[in-house]
Amino acid sequence: MRPFLSAAERRDVTGRLWAAPQQGLVFPGAEMTAGERRRRKRGKDVKESKEGKDSKDGKESKEGKDSKDGKDEKEGKDSKDYKDGKDGKDHKDHKDGKDGKDHKDGKDDKDGKDHKDGKDDKEGSDWAMAPSGPDGFVRQRFEPAALPSAGMPQAPADRAHPLTEEEETAAELRSSRVNRLLRGRGVVI
Amino acid sequence: MSSSEASASDSSGLVVVADPEDAVAAEIRDFVEDSGHEAVILDVFDAAQLFTVTVEDSVAVVEPAVPMILRLPSPPLRRISFDAEFQFNECLAHLWAVAALTPAPVINRPGPGGLGTRVSASAALTELRAGLPGGSVEVFSSRPPEPVGPAEAESTQWWVQDLASWTTVPWPERSGGSGPFRARWSAPDPLFENVVVLRDHAWPSSAVELDRLRLEERSTDIVARLGLDLAAVVWRISPDLTSAKPVMVEPFPDVEQLRMVWLGFGPQLLKVLFP
């Protein structure tokens, strides 16, 4: 379980946000921490790598995939899904203590592990059941393998007639980076 | 200067609520810092502890009032710990109140109805909410669904998407996954354009001339009707380039989508966050 920020840590974040130099004003305690200097340097390195490139050419993602890949499912095989309730336990009972267990001490989690130490469950059987709640979260994204194409038109060996303007534009759009990116991830339906 | 003495107009820092390894959050943080402002990435727990909401004379006051971008990482699909889930939900509820009530700019500010957006996992439902004419039939199933309903115009191919892996294959091929599945009619070889929208500005991702389709104008309209500030709209373009149909609205564009339009998007983002 993620520990709460200490008061000192919370003040540091607030102070840094509010102590940023503005238009000639300098607030006390605005010195950067070592972490902030590292981040600033990293930001500059990234910026320098961007210079000289046309952003419309796009850039390769460092990892090739969304950072959320598989991280949410840390330890799923042995822990119980209380929402299912099919094991016969009344999960409201923990307040009454009917079964004698204190659910809040984590003892119901058989492995006793903090969820951040667990492994990803990539079997797909339970992890795949996406909740039907509001879509307010960054979706986990996977980069699928190369997909089969259905009816991909083959370029003719030789053309009897030149391409029309629409055909040229369509070909240009098809070969654009965004099309290759979207098709590479799977046809959007 | 203490936090209680500062006002929203004095703050020059951005809070991005996201997984610390979120690539988009990192890109935005670096860009904002390079522009001379401060920015931090905080996860749900840390962000919730940063803010205080008080009610005085029936007026909600959020402190500190700093601009925010919400890219909330989804919680684990399976409960690992009662305490962890309770803490997560408490922090999430607090962040919802903070983001909804703060006078500072918030990208994709949550409404009174909930923390989520009006974008649904169902494209058909999203189209309805966006006020768009009914599109192709859409099927959700535990098994790869067979084609349903008549094909439309050039949408003559039934595509089946495995929601576990996001793999999409043409019927009757099988992805090999265990599902669940979502299926819809589309073109056999669809052509796409992606438009990133930030409030009343829009940027197509490709440099192809498609002005007559008015994609920028239509995209900003769709995003506004869905109550969003930032989104990427994916359009399926007909082979003859005479029509375009929105097929997906992504309220959390990924880093590749944003990088393609960063020349225009980045400066406009700064204007929105730091007016």
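Modeller: The side chain of Asp189(B) makes a polar contact with the side chain of Arg183(A), at 2.7 Å. The model is a predicted one, in which local features need pLDDT of at least 70 and side-chain atom pairs count only at pLDDT 80 or more, while totals for chains, interfaces and linings use all residues. Residues are numbered from 1 along each chain as its sequence is written, chains are lettered from A and ligands numbered from 1 in the order in which they are written, and side-chain values use heavy atoms, with hydrogens and water left out.

Colleague: What makes the pairing of Asp189(B) with Arg183(A) a polar contact?

Modeller: A polar contact is a pair of N or O atoms within 3.5 Å; within protein, one must be able to donate a hydrogen and the other to accept it, and residues adjacent in sequence count only if both atoms are side-chain atoms. The value here is 2.7 Å, so the pair falls within the limit of 3.5 Å. The side chains of Asp189(B) and Arg174(A) are also joined by a polar contact, of 3.0 Å.

Colleague: Where is Asp189(B) placed, and why is Asp189(B) called buried?

Modeller: Asp189(B) sits in the loop between strand E10 (181–186) and E11 of chain B. Buried means under 20% relative accessible area, exposed over 50%, and partly exposed in between (1.4 Å probe, protein chains only). The relative accessible area of Asp189(B) is 11%, and therefore Asp189(B) counts as buried.

Colleague: Why is Gln268(B) also called buried, and which residues does Gln268(B) contact?

Modeller: Gln268(B) has a relative accessible area of 13%, so the term buried applies. This residue is found in helix H7 of chain B. Leaving aside neighbours within four places in sequence, Gln268(B) is in contact (heavy atoms within 4.5 Å) with Leu198(B), His201(B) and Trp203(B).

Colleague: What makes H1(B) mostly covered, and which residue caps its N-terminal end?

Modeller: Nine of the 12 residues of H1(B) are buried, including Val24(B), Ile28(B), Phe31(B) and Val32(B). Asp22(B) is the cap: one of its side-chain oxygens lies 2.8 Å from the backbone nitrogen of Val24(B). Just after H1(B), Gly36(B) takes a positive phi of about 105 degrees.

Colleague: What makes a set of residues a nonpolar core, and which residues touch the most other members of the largest one?

Modeller: A nonpolar core is a set of buried Ala, Val, Leu, Ile, Met, Phe, Trp, Tyr and Cys residues joined through side-chain atoms within 4.5 Å. The largest has 38 residues, of which Leu14(B) and Phe265(B) touch the most other members. Its largest share, six residues, comes from H7(B). At least three residues are drawn from each of domain 1 (13–107) and domain 3 (191–273) of chain B, the bounds coming from an automatic or database domain assignment.

Colleague: Which residues does Phe265(B) contact?

Modeller: Beyond neighbours within four places in sequence, Phe265(B) is in contact with Val196(B), Leu198(B), Trp203(B), Leu230(B) and Leu258(B).

Colleague: What makes H4(A) mostly covered, and against which elements do its buried residues pack?

Modeller: Seven of the nine residues of H4(A) are buried, among them Leu181(A), Leu182(A) and Arg183(A). These buried residues pack against H3 of chain A together with E11, E13 and H6 of chain B. Gly186(A) follows H4(A), with a positive phi near 120 degrees.

Colleague: What is the mean confidence of chain A, and where is confidence lowest and highest?

Modeller: pLDDT is the predictor's confidence in each residue, from 0 to 100. Chain A has a mean pLDDT of 53, and 17% of its residues reach 70 or more. Confidence in chain A is lowest in helix H2 (residues 34–50), at a mean of 50, and highest in helix H3 (residues 165–174), at 91. Over residues 20–34 of chain A the pLDDT is below 50.

Notes:
Helix = DSSP H or I, 4+ residues; strand = E, 2+ residues; numbered from the N terminus.
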